[in-house]
Amino acid sequence: MQLPAFIVSYAGALLSAPWRFSLTYLSIITATSHDFLTRGLQKKYSFKALLQFFLESKLLTDGYLIIDETDVDKSFATKIACLGWIFSHRKNKHIFGLHVVVVAWTNGTMTIPLAWKIYNKKNGKTKLDLAMELIGYCLFILRLKPKAWLFDSFYASEKLLKCLIKHKQIFYSQLPKKRLLNNHSL
């Protein structure tokens, strides 16, 4: 499988562009026309096909898998499923939106989101349950072999750690302050 020329040009430009940029700037970097980039952005691409390309090309080897969550503020939306009042640690207040649990691959320079699950209190699954599903997806469906798994102290639960140990996975995480080690608080 070969990536469309637009994806190659656009991805290369994004990786070399400063924080704020325009399509005109990207067209100069890629030596392509502004119209080529505009038309390319208007097309629909298959995320699964792009992921398949990365897997087949062995581009997702020699890296780490990150589990994290983010909140998506949808304060002005009314018709999107799973929306509700949630606490945003990023904004340090309650917002109307949703929580998304994400798994991403990184090699320290580049980070690529691989999969995500929307957290919904009503379906009975916790964020940890969603993280476990994402781990299973990466190990058994995508068949990735990361150098290690990275996550913050929220995901360092006994269940998740035992799962990674069972599958002989290396992981790095902070431990929650409330965790006991040899009956002493961390």
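How many helices and strands does the secondary structure of the chain come to? In this predicted model, the chain comes to six helices and eight strands, where helices (H or I, at least four residues) and strands (E, at least two) are DSSP runs numbered from the N terminus. Along the sequence these elements follow the pattern α-α-α-α-β-β-β-β-α-β-α-β-β-β. Residues are numbered from 1 along each chain as its sequence is written, and side-chain values use heavy atoms, with hydrogens and water left out. Because the model is predicted, local features need pLDDT of at least 70 and side-chain atom pairs count only at pLDDT 80 or more, whereas totals for chains, interfaces and linings use all residues.

Of the 186 residues in the chain, 34% are buried, a term that stands for under 20% relative accessible area, with exposed set at over 50% and partly exposed in between (1.4 Å probe, protein chains only). Among contacts (heavy atoms within 4.5 Å) between residues at least 6 apart in sequence, 47% join residues at least 24 apart.

Strands E2 (residues 84-88) and E3 (residues 93-106) pair in the antiparallel sense over five bridges, pairing being assigned if DSSP finds at least two bridges between two strands. Phe-87 has His-94 in E3 as its bridge partner, and in the hairpin of these strands, with four residues between them, Asn-92 takes a positive phi near 55°. Gly-84, which lies in E2, touches Ile-95, Phe-96 and Gly-97 when residues up to four places away in sequence are not counted; its C-alpha is 6.5 Å from that of Leu-98, 14 residues apart in sequence. E3 is also joined to E4 by eight bridges, the two strands running antiparallel, with His-99 opposite Tyr-119 in E4. The hairpin of E3 and E4 again has four residues between the strands, and Gly-108 in the turn has a positive phi of about 95°.

Beyond its neighbours within four places in sequence, Trp-149 is in contact with residues including Leu-65, Ile-67, Val-103, Ile-135 and Leu-164.

In H4, the buried residues are Leu-51, Phe-53 and Phe-54. Seen down the axis of H4, they fall within an arc of 155° (taken over the directions from the helix axis to the C-beta atoms), so they line one face of the helix.

The axes of H5 and H6, which are lines fitted to C-alpha atoms over the stretch in contact, with angles running from 0 to 180 degrees between N-to-C directions, come within 10 Å and cross at roughly 10°. The two helices are therefore roughly parallel to each other, a class that takes angles under 35 degrees, with over 145 counted as roughly antiparallel, 65 to 115 as roughly perpendicular and the rest as oblique. Leu-128, Asp-129, Ala-131, Met-132 and Ile-135 in H5 meet Lys-159, Leu-160, Cys-163 and Leu-164 in H6.
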